[in-house]
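Please look over the sequence and the structure below before you read on. The notes after them are meant to be checked against what you can see.

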2 protein chains.
Amino acid sequence: MAEHTVTFDIADEPVVVPTGTMLAEAARLAGIDIMQPCGGQGRCGRCAVQVTSGSARSRSAQRLSPEAIEQGFVLACQTVVEGDLTVVVPPQEKVERRLTTDRVAAEIAVPVGYDPHSAQTIRRFSLMLSPPDMADQTDDWSRLETALRQEADIPRLRVSLPLLQRVGAILREGEWQVTAVLDTETWDCERCLPRLVDLIPGRVPHTMPLWGAAIDIGTTTVSLWLVDLITGKVEAQVAEYNGQIARGEDVISRIIYAGKSDDNSREMRELVLGTINELFEKACKRVKASPAEVAKVTISGNSTMMHLLLGIPAENIRLSPFVTAVNQIPTLSAGEVGLDINPEATVDCLPGVASYVGADISAGVLSSGTDDTDAITLFIDVGTNGETVLGSREWLVTCACSAGPAFEGAGVRDGMRATVGAIEEVWVNANTFEPTYRVIGGKQPRGICGSGLISLLGELFLTGIIDKGGNFNVDLDTPRVREGEHGGEYVVAWGDGTEHGRDIAITRVDVDNLLRAKAAIYAGFTVLADSVGIPFETIEQMLVGGSFGKYINIEKAVDIGLLPDMPWDHFQFLGNTSIKGAYLALLDKRSRRRIRDIATRMTYIELSADNTFYDAFMSALFLPHTDLSRFPSVSEAMTTKG
Amino acid sequence: MAEHTVTFDIADEPVVVPTGTMLAEAARLAGIDIMQPCGGQGRCGRCAVQVTSGSARSRSAQRLSPEAIEQGFVLACQTVVEGDLTVVVPPQEKVERRLTTDRVAAEIAVPVGYDPHSAQTIRRFSLMLSPPDMADQTDDWSRLETALRQEADIPRLRVSLPLLQRVGAILREGEWQVTAVLDTETWDCERCLPRLVDLIPGRVPHTMPLWGAAIDIGTTTVSLWLVDLITGKVEAQVAEYNGQIARGEDVISRIIYAGKSDDNSREMRELVLGTINELFEKACKRVKASPAEVAKVTISGNSTMMHLLLGIPAENIRLSPFVTAVNQIPTLSAGEVGLDINPEATVDCLPGVASYVGADISAGVLSSGTDDTDAITLFIDVGTNGETVLGSREWLVTCACSAGPAFEGAGVRDGMRATVGAIEEVWVNANTFEPTYRVIGGKQPRGICGSGLISLLGELFLTGIIDKGGNFNVDLDTPRVREGEHGGEYVVAWGDGTEHGRDIAITRVDVDNLLRAKAAIYAGFTVLADSVGIPFETIEQMLVGGSFGKYINIEKAVDIGLLPDMPWDHFQFLGNTSIKGAYLALLDKRSRRRIRDIATRMTYIELSADNTFYDAFMSALFLPHTDLSRFPSVSEAMTTKG
């Protein structure tokens, strides 16, 4: 096949690639990281580069203006090399690689009465072996097993070959005194022999921490808690953006990107592993430990994140009939997974229920106690997929609604993630229509994050700036409401007060996207309640998980009809319930069993196959809802304000 | 550190190495394979190379003549680089890399009543899964487990991550019809869940073979039997020299070589893996199968071979108090071991007893039935370590005597391995002292192999050419007996009748070496019998294992006092009992359990710590023995012939 030389202006050297190579791939080979937030679908337009000479063929130029096309701009993810090329790569949008808020840290209480001896599967034993001599030529391994039998009544052990290779040297280095770290129970093989996880020369003091980690792989943020398994205490909390973001902002984009080639799949795996391994470094440094000391990890996350982490093809999550390759992942070792910790460390990926109800939701049910209460409880993780669980000790039903990424700031013109510069709460004066807002980090705003959008939408509705259908009242006496490119819009911040000097506004299109998002979530509640035949009024608690949920203003969320109208004391915001569940499962084998029961017990309702969902969705497309009797407190507020 | 350029005459390019690099290592880096039969101890002199210019320092020049040293010859394994060097590498001794006899093939009977359903741990199931749809979104893995539950009453499975990654694609490729290969029991975790070993799209006919392999890793020869686990039949038998030979001819040399560096250890591992993987290729080709179809392997071999295969440091096998790192190796997968077959294939390394009583002996006891008879049995594997077992159903004692490699043709001037050109049997006329001999392959002789040496020694003794102390009677009227460099010698073949044109003779030194070897083995018998307090006469069977043992002439072996003097019908030669044991353990889980019992039951007696061994050895240093009453039939023959 013919080969061509592609010269990128910012690359060290030209690369030679065969005809038909995707430009994005050529860039990767040249060591250039071109952002593909839509996963290389040609939809977002953010991978545009300028071909200044040579021959390339594009199959799509969506999102490129005629002027740009005129100037030679093409989408790197949609353009193949057909001859020698010279390419100018515009400065790439800066990906926020560091979380800039301290929102991730929280005080975590150790479960009451935590006793590592009865609860923890990882155990540490100090052993004194008798050295071999001509009268006792027992092999090293049996000698270790004998000591364990005497010390801990554990008759035999499993061990990996790489650790077995090192046993003899460790025993001699410790002069026959060693500390053995065992996993006494792995989840998928309770009857299996205990497994040697680590063997340390000499005696490790009882007071030394025994490290474990709970991890939540969010589509956006990866969080890691470093835990002393002896005391149960969380000693370090760290979080970072998921390195996969540059290859797709949502799960669908990432599945598409990963599914394109084995290389892509490997890249996605390495990206998230890179993030996790950095977090291990950071957390361990903070407590002055080495990642090699970490003996056990539990991982939570949605089904797509779990598949991509493990290099398991995720394509069928995206394609009808939407099935995962595996929901209950076998216990793995850190070496198999690719974590840069003790390669023998047990890695326990928590169980999911379905393609869009993953381990994060099982973990959320566990940590929220939804499965362990007599009160009928509605649990929701507000986000792209609005996973919802309704139930109690007796029964659990669950569904996921494709709310889209509007609440995560995507699909909204001035939307952004909840980082420094994001407007996170808005109040609008009912008389002057002038806004007041709070910005994360206290500086000039750059955009509006999810909680800000909910708050803003509620205020616009209650002040009559938009009507129940989301239409802007452009006749109001305020310059804030104006005709924009795609209909009415409301200016939250004038350009002279923003970081980038542009107005920050919410448009008609944004409002429609937000309405669809909130309608999908509310319709999910409706379908779940209908499926078990209970009226909304019988719901006794409303638990909101997800780190995003933590910052929602309940009143505003009810105002727009995102959350059901209930007494305030029914609501509870729980923060990242996914990592909390991972933490509980890390500590206590009974919690681990419980989460498996949860995943097995939950009845999954596929909304796209449910014929009541569409009606429920259409009814919820209004502010707050077609059926106002469902929102008595909002009706009252409307009356008051209006 | 300073670096130097070393130029080897036969290398493509010079190499640059730091001061102090061993010349053998520099050669390896230059891609040159320099033989080190003594393992780089500087004892054999076969790695001599000529330094024609530059500065090198040798710590030993054993085996080099003053002339050679004058000419710049040095031992590559004992010489370090201290400046730029030019080195001439003499043609290396050709290592016989191919076994040239067909001695390895034998007709193997399938155990009577072999029933794969009850005996075999590897099982194959044809499964028809229901495809997923919107009404059944079960994940792929659970779908497979459900089918297995229905078909085979197996509720859950273990699976490795690499295989799990492929499950979804395989199910779809087979359009939801698949054939699953499971390991239903691994040795070290009988209670564990069955493990998925292979998943094949579509339906595999019941008549298709299900491949397994039994392997014996001998210090000299590696043998492999390819077995259909359904019928139990051995479908291909292949053997090859162990690729490690060039790095040491005996286990001690290899331990020393491997222990020098991690690189060396890795090299030794790769050498034997190379041999095994070639054997897999060859055997699979013969039956028109792919190595990827092999689902299970059992491996036998001495403890050193097992350690080196698995990259487990073997140093302590060589050093007092002579302990192995591990005798009972956990079940491994082919991927972990490095076998180029199905990476999920179960690899079961059979259990050994001690540093010098390895899995080959446990396997020998199993296949010889020594552990399952009422008759008091003496089992011996004649070879460097003369491993011996005495016992019956009731009890088993074992020892290993360092016989040295004389019976394998090493340490004997004209000794060689039993390949083409080796004199394998000798008869000496009592009147003319002229010999008659048989040569393997029927051509001109090159040397004498072990069975030939035993035969020759017996003849020399009975014809009075040597006396009971091994002294040559140089006064005999024959040119065959003459004074050599180190005392008397006997010429077996004149140079005009040999392949290389040199006389083939046995010298006084050779005889001493052979005497020590046979004395060590016989002394082992004595110590074992004494340890349990039974007289030799009560021994009811004498079983001789090892492929070498098969070719010994019993009468001659008794004549020289190597084997005890018993009625002929007590003797049985069993060939390679090690691979036979591996074969039985491969086929039947009950045999596998039995071999573990054997390894656990055998009482090991360390001869170097036994104070009766030395006396027994000294008494056996004569032909046939100091105590002639132990050899009544030899006494009689001496009377007759003499």
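Predicted model: local features only at pLDDT ≥ 70, side-chain atom pairs only at ≥ 80, totals over all residues.

Residues are numbered from 1 along each chain as its sequence is written, chains are lettered from A and ligands numbered from 1 in the order in which they are written, and side-chain values use heavy atoms, with hydrogens and water left out.

**How the two chains are related**

- Two copies of a chain are related by a rotation about an axis and a shift along it.

- A pocket is an open set of points on a 1 Å grid over the protein atoms alone, where a 1.4 Å probe fits, with protein on both sides within 12 Å along at least five of seven lines; its lining residues have an atom within 4 Å of a point.
- Of the 50 residues that line this pocket, R46(A), E249(A), G409(A), A410(A) and G411(A) are the closest to its centre.
- The lining divides into 21 nonpolar, 13 polar and 16 charged residues (Ala, Val, Leu, Ile, Met, Phe, Trp, Tyr, Cys and Pro count as nonpolar, Asp, Glu, Lys and Arg as charged, and the others, Gly among them, as polar).
- Helix α6 of chain A, residues 251-259, gives the most to this lining, with 3 residues; helices (H or I, at least four residues) and strands (E, at least two) are DSSP runs, numbered from the N terminus.

- Helix α15(B), residues 577-587, is mostly covered, with 9 of its 11 residues buried, where buried means under 20% relative accessible area, exposed over 50%, and partly exposed in between (1.4 Å probe, protein chains only).
- The buried residues of this helix include I579(B), Y583(B) and L587(B).
- N576(B) caps the N-terminal end of α15(B), with a side-chain oxygen 3.1 Å from the backbone nitrogen of S578(B).
- S223(B) is placed in strand β10 of chain B, residues 221-228, and it counts as buried because its relative accessibility is 8%.
- Beyond its neighbours within four places in sequence, S223(B) is in contact with residues including N576(B) and I579(B).

**The loop between α11 and β15**

- In chain B, D371(B) lies in the loop between α11 (359-368) and β15 (377-381), and it counts as buried because its relative accessibility is 6%.
- The side chain of D371(B) makes a polar contact with the side chain of R594(B) at 2.9 Å; a polar contact is a pair of N or O atoms within 3.5 Å, and within protein one must be able to donate a hydrogen and the other to accept it, while residues adjacent in sequence count only if both atoms are side-chain atoms.
- In chain A, T370(A) lies in the loop between α11 (359-368) and β15 (377-381), and T370(A) counts as buried at 0% relative accessibility.
- The side chain of T370(A) makes a polar contact with the side chain of S368(A) at 2.7 Å.

**Backbone details**

- Most residues other than glycine have a negative phi, and most peptide bonds are trans.
- A cis peptide bond joins S320(B) and P321(B), with omega about 5 degrees, and another cis peptide bond joins L623(B) and P624(B), with omega about -10 degrees.
- F322(A), which is not a glycine, has a positive phi of about 55 degrees, and F322(A) counts as partly exposed at 21% relative accessibility.
- K288(B) has a positive phi near 55 degrees, and this residue is exposed, with a relative accessible area of 77%.

Note on methods
Contact = heavy atoms within 4.5 Å.
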